[in-house]
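This report looks at one helix and at the nonpolar core. The sequence and the model are shown below.

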Amino acid sequence: MYWQPTPPPFKEYKAKVFSNAAAVSQFIYQIGETPLLRQPSVTVPVDTITSLEMQTKFTYIKTCLLNYRKLTGYGRGITAIQIGIPQCFSVVYAPADLLIIINPKITRVAHKKTRYPEICMSANPIVVPTIRPTWVEFEYYDEKGKEKHWNTKDESDTGRLLNRVFQHEIDHMAGIINIDKVESPRELILESDPDFYKTATFETIA
Ligand SMILES: [Zn+2]
């Protein structure tokens, strides 16, 4: 019997994942190609929120999130710095609508923490098991310039995910990427198994 090579698995799915990553990199900045992703963003002056310039930026960031979701079928948030705007705002895919949060300030965090595998659009398709508090409370401005307070401590998977996405995006405003929070580089993987997210769970950290 002659020796035969054993090719790696998930060939078709990986071809799709990497082709999506290439497409996403056309409108989302990737780690290493700009120092801005590692720098803090600046506060948006509240009296400019309703200006045409800011409203145009909000429309653009929403379009980017919708494009990402059209390409990949997932994607829950983008922060301005990821599309080259070093200002403190994000768009988050809340089940009912695309929520713009501006100048968020975290006021409380849960004691309980969970680990969950995250993908950052700026480091796609690296999967990062990331430990975060199960919920946060924060103050922010909406896109109409109104002051708002997020304090929904929904313990369903959807609620946990949303609280996690807010933390992920608020980290971007401080120049922090989920990769920076990983306990060991050995935990990093590339998205390759199509069933990976079907079995992903929120693992409680003692
Ligand atoms: Zn990210």
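Which residues in α2 are buried? In this predicted model, they are Met54, Ile61, Leu65 and Tyr68. Seen down the axis of α2, these buried residues fall within an arc of 60 degrees, so they line one face of the helix. Leu52, Thr56 and Lys70 lie on the other side of α2 and are exposed.

The helix itself runs over residues 52–72, which is 21 residues. From its first C-alpha to its last it reaches 30 Å, close to the 30 Å expected at 1.5 Å a residue. Just after α2 comes glycine 73, with a positive phi of about 85 degrees.

The largest nonpolar core has 39 residues. Phe89, Val91, Val92, Ile101, Ile102 and Phe166 are those with the most contacts inside this core. At least two of its residues come from each of α1, α2, β2, β3, β5 (126–133), β6 (136–141) and α3 (157–173). The element that gives the most to this core is α3, with five residues. In soluble globular proteins, nonpolar side chains tend to be buried together.

What does isoleucine 101 touch, not counting residues up to four places away in sequence? On that count, the contacts of isoleucine 101 are Phe89, Ser90, Val92 and Tyr140. Of these, Phe89 and Val92 are also among the core residues with the most contacts.

How values were computed: Residues are numbered from 1 along each chain as its sequence is written. This is a predicted model: local features need pLDDT of at least 70, side-chain atom pairs count only at pLDDT 80 or more; totals for chains, interfaces and linings use all residues. Helices (H or I, at least four residues) and strands (E, at least two) are DSSP runs, numbered from the N terminus. The expected span of a helix is 1.5 Å times one less than its number of residues. A residue is buried if 20 or more other C-beta atoms lie within 10 Å of its own, exposed if 12 or fewer, and partly exposed in between; C-beta atoms are placed from the backbone. The arc is that of the directions from the helix axis to the C-beta atoms. A nonpolar core is a set of buried Ala, Val, Leu, Ile, Met, Phe, Trp, Tyr and Cys residues joined through C-beta atoms within 7 Å. Two residues are in contact if their C-beta atoms, placed from the backbone, lie within 7 Å.
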